[in-house]
Amino acid sequence: MKNCVILCGGKSSRMGQKKENLDFFGESLADFQAKKMQKIFPQVYFSGKKPISNSSHFQTLLDLNTEFAPIFGLESILQTLKTDIFILSIDTPFLSEESITKLIDSYQKAKKPTFAKNQKIHPLLGIYTYEALTPIQQQIAKKNYRLMDLLGLLSANFVEIPEFQTQNLNTPKEYQNALQGYLNG
């Protein structure tokens with residue numbers, strides 16, 4: 001697994017500001033995520049509606065669709081890279097290297113899409129195979145943008161990941177709680 005793409009294409013409406021720009025212990029969340037992923041993957045990209053500013057100058061794979069849904073970013077990424085990809089949403093900064101390795105190991109054994117799960121399934125934390133492009137395009141053609149419906153078509157594999165590591169930062173309160181938890185944990 002050589003490609004990691006950090007998804008940054010959302011509106012961030014509940015947060016009130018772009019998540020990739022949030023201060024995360026003295027650096028932007030984009031830089032924090034990219035530096036962590038660079039230790040694991042030879043190729044790290046961002047995906048967004050416009051280029052993502054980051055100190056390491058990682059390339060942004062542009063999602064030019066005017067609608068906002070992760071499925072459009074996934075389609076664009078797979079069309080561009082034409083290979084299997086590890087996907088990480090920008091707002092899940094606590095996924096550990098150990099958990100990423102577990103996901104990759106499971107993917108390599110099963111040879112099929114592999115995602116994090118705990119009390120729920122996390123379709124934006126895991127691996128999409130290039131073969132997922134066709135079902136993604138079929139879902140888009142049907143105007144069904146639900147990733148859980150897509151995973152049903154992919155015969156996906158799931159790996160148990162601690163719940164704290166899959167925590168999303170969607171609101172200012174969740175962001176502040178996460179910072180406090182990170183400092184205290």
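Rings of Phe, Tyr and Trp (its six-membered ring) pair if their centres lie within 6.5 Å; planes under 30 degrees apart count as stacked, over 60 as edge-to-face and the rest as tilted. This is a predicted model, where local features need pLDDT of at least 70, side-chain atom pairs count only at pLDDT 80 or more, and totals for chains, interfaces and linings use all residues. Residues are numbered from 1 along each chain as its sequence is written, and side-chain values use heavy atoms, with hydrogens and water left out.

Q: Which residues form one aromatic cluster?
A: Let's start with the rings: the pairing rule gives a count of nine aromatic pairs. One cluster is made of Phe24, Phe25, Phe32, Phe94 and Phe164.

Q: Is the pair of phenylalanine 115 and tyrosine 128 stacked or edge-to-face?
A: A pair of aromatic rings is described by the distance of the centres and the angle of the planes. Here the centres of phenylalanine 115 and tyrosine 128 are 4.7 Å apart and the planes stand at 65°, so the pair is edge-to-face.

Q: What is the relative accessible area of tyrosine 128?
A: Buried means under 20% relative accessible area, exposed over 50%, and partly exposed in between (1.4 Å probe, protein chains only). Tyrosine 128 is buried, and its value is 0%.

Q: Where does the charged end of lysine 49 sit?
A: A charge sits over a ring if NZ of Lys or CZ of Arg is within 6 Å of the ring centre and within 35 degrees of the ring normal. At 4.9 Å from the centre, the charged end of lysine 49 sits over the ring of phenylalanine 68.
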